[in-house]
Amino acid sequence: MGSTRLYSKGRVLGHKRAKRNTRPNTSLIQIEGVATKEDAQFYLGKRVAYVYKAKREIQGSKIRVIWGRVTRPHGSSGVVKSKFRHNLPPMLYPSTI
């Protein structure tokens, strides 16, 4: 029996921002397979996880997670805004989520 994946991959595009100001508490994410605002409606309220590896082990694992939630669509091309419990570090744009 094949495995059924219960998550979708995505890319972190950056912070919500204006011409000069950045808002690091809101991140823009492009979810794979989502191309319109209507497709993005399904993901509103769903949880998002940024998974990364650290050097030091904590409780026997080097893998860390920053959790967040999809809050609303951004534009008409399927990009969504999301808020994380801890703001995402700035050096990771663009990266996989």
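Student: Which residues lie nearest the centre of the largest pocket?

Tutor: In this predicted model, Tyr7, Ser8, Arg47, Val48 and Ala49 lie nearest the centre, out of 17 residues that line the largest pocket. The space in this pocket is about 430 Å³.

Student: What makes a residue part of the lining of a pocket?

Tutor: A lining residue has an atom within 4 Å of a point of the pocket. For the largest pocket, 17 residues line it.

Student: Why is Ile63 called partly exposed?

Tutor: Its relative accessible area is 48%. Buried means under 20% and exposed means over 50%, with partly exposed in between. The value of 48% falls between these cut-offs, so Ile63 is partly exposed.

Student: How do you know that Ile63 can belong to a surface patch?

Tutor: A patch takes residues with over 30% relative accessible area, and Ile63 has 48%. Ile63 forms a nonpolar patch with Val51, Val65 and Trp67, and together they have about 350 Å² of accessible area.

Student: Which strand gives the most to this patch?

Tutor: Strand E4 (residues 61-74) does, with 3 residues. Ile63 has its place in E4.

Student: What is the pattern of the whole chain?

Tutor: Along the sequence, the pattern is β-β-α-β-β-β-β, with 1 helix and 6 strands.

Technical notes
Residues are numbered from 1 along each chain as its sequence is written. This is a predicted model: local features need pLDDT of at least 70, side-chain atom pairs count only at pLDDT 80 or more; totals for chains, interfaces and linings use all residues. Side-chain values use heavy atoms; hydrogens and water are left out. Patches are made of residues with over 30% relative accessible area and no salt bridge: like charges are joined within 9 Å, nonpolar side chains (Val, Leu, Ile, Met, Phe, Trp, Tyr) within 5 Å. Accessible areas come from the Shrake-Rupley method with a 1.4 Å probe; for residues, only the protein chains shown count as cover. A salt bridge is a side-chain nitrogen of Lys or Arg within 4 Å of a carboxyl oxygen of Asp or Glu. Helices (H or I, at least four residues) and strands (E, at least two) are DSSP runs, numbered from the N terminus. Buried means under 20% relative accessible area, exposed over 50%, partly exposed in between (1.4 Å probe, protein chains only). On a 1 Å grid over the protein atoms alone, a cavity is a set of points where a 1.4 Å probe fits but cannot get out, and a pocket is an open set with protein on both sides within 12 Å along at least five of seven lines; lining residues have an atom within 4 Å of a point. Grid points are joined across faces, edges and corners, and a volume is the space filled by probe spheres set on the points.
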